[in-house]
Amino acid sequence: MLCACSGEQYRFEEERPPSPPESLATRDFSTGGLSSRVGGLSSRAGGDGDSKLDDAQVDDVVESTLRETLSLNYEEARALLGRLEYQRGNFDAALQVFQGIDIVGLRPKIIKAIAAWTRARQARRRGECLQGNAMSIHSVTLLIEAMLLKSKSLEEIGRFKDAALECKTIIDIVESAWPHGIPEGIGDDSKLKEMFHKALELFPKLWMQAGFLEEAIAAYRRALMKPWDLGFSRWASLQKDLAVALLYGGAELSLPPHLQQLWGYAVPTSNIEEAILLLLILMRKVTFQEISWDPEIMNHLIYGFSLTGQFEVLAGHVEQILPGIYDRVERWYVLALCYHAAGLDDDALNVVRKALSYSEKKHKPHLPSVILGAKLCCKRPLHAWEGAKYAMKANEISQNQKHFLGVTNHLLGVCYGNCARLSVSDSQRLKLQNESLKTLQHAANIEKNDSEVVYSLARESTMQRNLHIALENATKYLDMVAGSSVRGWKLLALIVSAEQNLREAEAIVDLAMYESGAMDQLEFLRLKALLQVAQEQPKNAIETYKNLLAMVKAWKELQKWSLSSEVKAVKDLEMEAWLDLASLYTKLGSWNDSYVCLDKAKTFELFSPKCWHSKGKLLEAQSKQQEALIALLVSLSIEPDYVPSMVSMAAILRTRGGKSLATARSLLMNALRLEPTNHEAWMNLGFISKAEGSLHQAADCFQAAYELRQSTPVQNFV
């Protein structure tokens, strides 16, 4: 493989000779010859191996080497000398040596040599014999290696942009010789192929170090767009790095048209979508065991899906993870978090139950799963007792650590409040309400800076109609979160409306709308309309509802990457708005408009107790009591514990008198068991007691109805 003595005539080797001369790329120059000359120069420069060599000294070494070996040309000698300096850590000296290589002039010859070598290898595979007159492939490899070491030397001294440009030259040269990727027959033992692969890996990293995100992403895409025979491991590494750059780069860089064709029908529409698709490809490779498990892939995928809200899809991929990668309980926990983030709290709770089931009892209880179970039950009042059990268990296994003690007391206090509202016994209800406030206050004393505890304390005080304490804590909560909480503003507005300061409550809603996003503004618009109805401003309320429905329509047209829970919330809100309008038109006596709004609401959910209740109220207003009773019965058949329908049916039955009074009383007592603060139920119960001659009992009922009416908000507390 040695070049001819002239240094300009090159012989292409078709076959490797039986006794090949020592390769320039592997020859040991550590003793004697070139190494001794370099060492002598270093000694004369001051005895320091890291001292720089000037160009004149380098030329002397090169010329002397040429005379002695008669086998190296000028560029090859510099390549070898530069490699020695790089291996010694003399990066500045190595850079000086490499800069003397005229790559621009040699570039056409290198490209021609690579192409000719490739054709010769393919011809030998077919049994043919080609001869050519080109640069030796070993010389090409030596020069490509010199360029790569030059790029690394520039990287070592902090010149990242120059290093990237040098690396780009390598890729341009090889790509010119192999425009369609690495041809068949180029084995893994090819040093040229290895150098090229290293350049492909280094190139985007250098752009990242230089701070050029766009160029780095383009470099990653370039490395992945052609069949460079990188192997599963390197290919996966480049894909993961590209996904990371797209996810965390903070810039939107669209795909070029020629790359869009490679994706086919699944062309990503954004950088986040492209990153997710790349990570999904990697997860598929993990599933088929083409690459080993990398936890970073799942971490990045979780982050990507969290940005887009596709948690249900993420849950499916968590389920596909092979057993043994995650601990069994940990896997249940991650899956439950996915369902919880997707708004599927019932599914999440079922998964948590699996994690805490009898089959897992032989292991130590998983504290995060227990806490998650308590949190999920807090959001589902019907599971309040189960949540209290989880909270007490978490308190037990947390070994009384201060932080966990505050968390568990917080959850326990919320669960106690929900249990109180499910309790049948008045004494038990009062006991649980007191325990709820006591436990929440204890949690607030432990976690003084936890805004969530303060909010729960304000909410529970509101539910128990302790409006003064509720207002104080709601204001404190908003101060703690700097006014950035939508639910905090809503709670404050409801508390103020319960104090019958309706105009002030509307002002709070207007202020909150400026602090909230488009989705949250929809809910505030409905609350504003309810406040306007309470202030007997029907025209303003109707206009507000029109704005709300127009915004909902616009949101539907523009929705993208929306959570399933968000879609359901908007759907429910739109149905509620139509029902509110139906109720408003009923009060105004506009029967036709009321029916139109009611029909609109039924398109969302025909078998909804709210829709049938509204129809019953409309029929009652038209003095069609029999039809109204049928509609209310349908409402109760759908949801037997729907309190408004119970109260409305009892109100119709009590007007009939006679035996209907007993049925009406039974309905009202059941309604008060479910909702003790319902002032309409107390009012109707007072009328029934009066009709039955129980005047003292009637007076107590009327008194309770009056007091509760004075502290009733325009919308139920959440």
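Setting aside neighbours within four places in sequence, Ile495 touches Thr462, Leu467, Ala470, Leu471, Ala474 and Phe717, where contact means heavy atoms within 4.5 Å. This is a predicted model, so local features need pLDDT of at least 70 and side-chain atom pairs count only at pLDDT 80 or more, while totals for chains, interfaces and linings use all residues. Residues are numbered from 1 along each chain as its sequence is written, and side-chain values use heavy atoms, with hydrogens and water left out.

Ile495 sits in helix 23; helices are DSSP runs (H or I, at least four residues) numbered from the N terminus. With 0% relative accessibility, Ile495 counts as buried (under 20% relative accessible area, 1.4 Å probe, protein chains only). Its C-alpha atom is 8.3 Å from that of Ala505, 10 residues away along the chain.

Now for the helix pair:

| Helix | Residues | Contacting residues |
|---|---|---|
| Helix 28 | residues 591-602 | Trp591, Ser594, Tyr595, Leu598, Ala601, Lys602 |
| Helix 29 | residues 609-621 | Cys611, Ser614, Lys615, Leu618, Leu619, Ala621 |

By class, this contact between helix 28 and helix 29 has 8 nonpolar, 2 polar and 2 charged residues (Ala, Val, Leu, Ile, Met, Phe, Trp, Tyr, Cys and Pro count as nonpolar, Asp, Glu, Lys and Arg as charged, the others, Gly among them, as polar). The axes of the two helices come within 10 Å and cross at roughly 165° (lines fitted to C-alpha atoms over the stretch in contact, with angles from 0 to 180 degrees between N-to-C directions). That makes helix 28 roughly antiparallel to helix 29 (over 145 degrees).

Terms used:
Parallel < 35°, antiparallel > 145°, perpendicular 65-115°, else oblique. Buried < 20%, exposed > 50% of the residue type's maximum accessible area, 1.4 Å probe, protein only.
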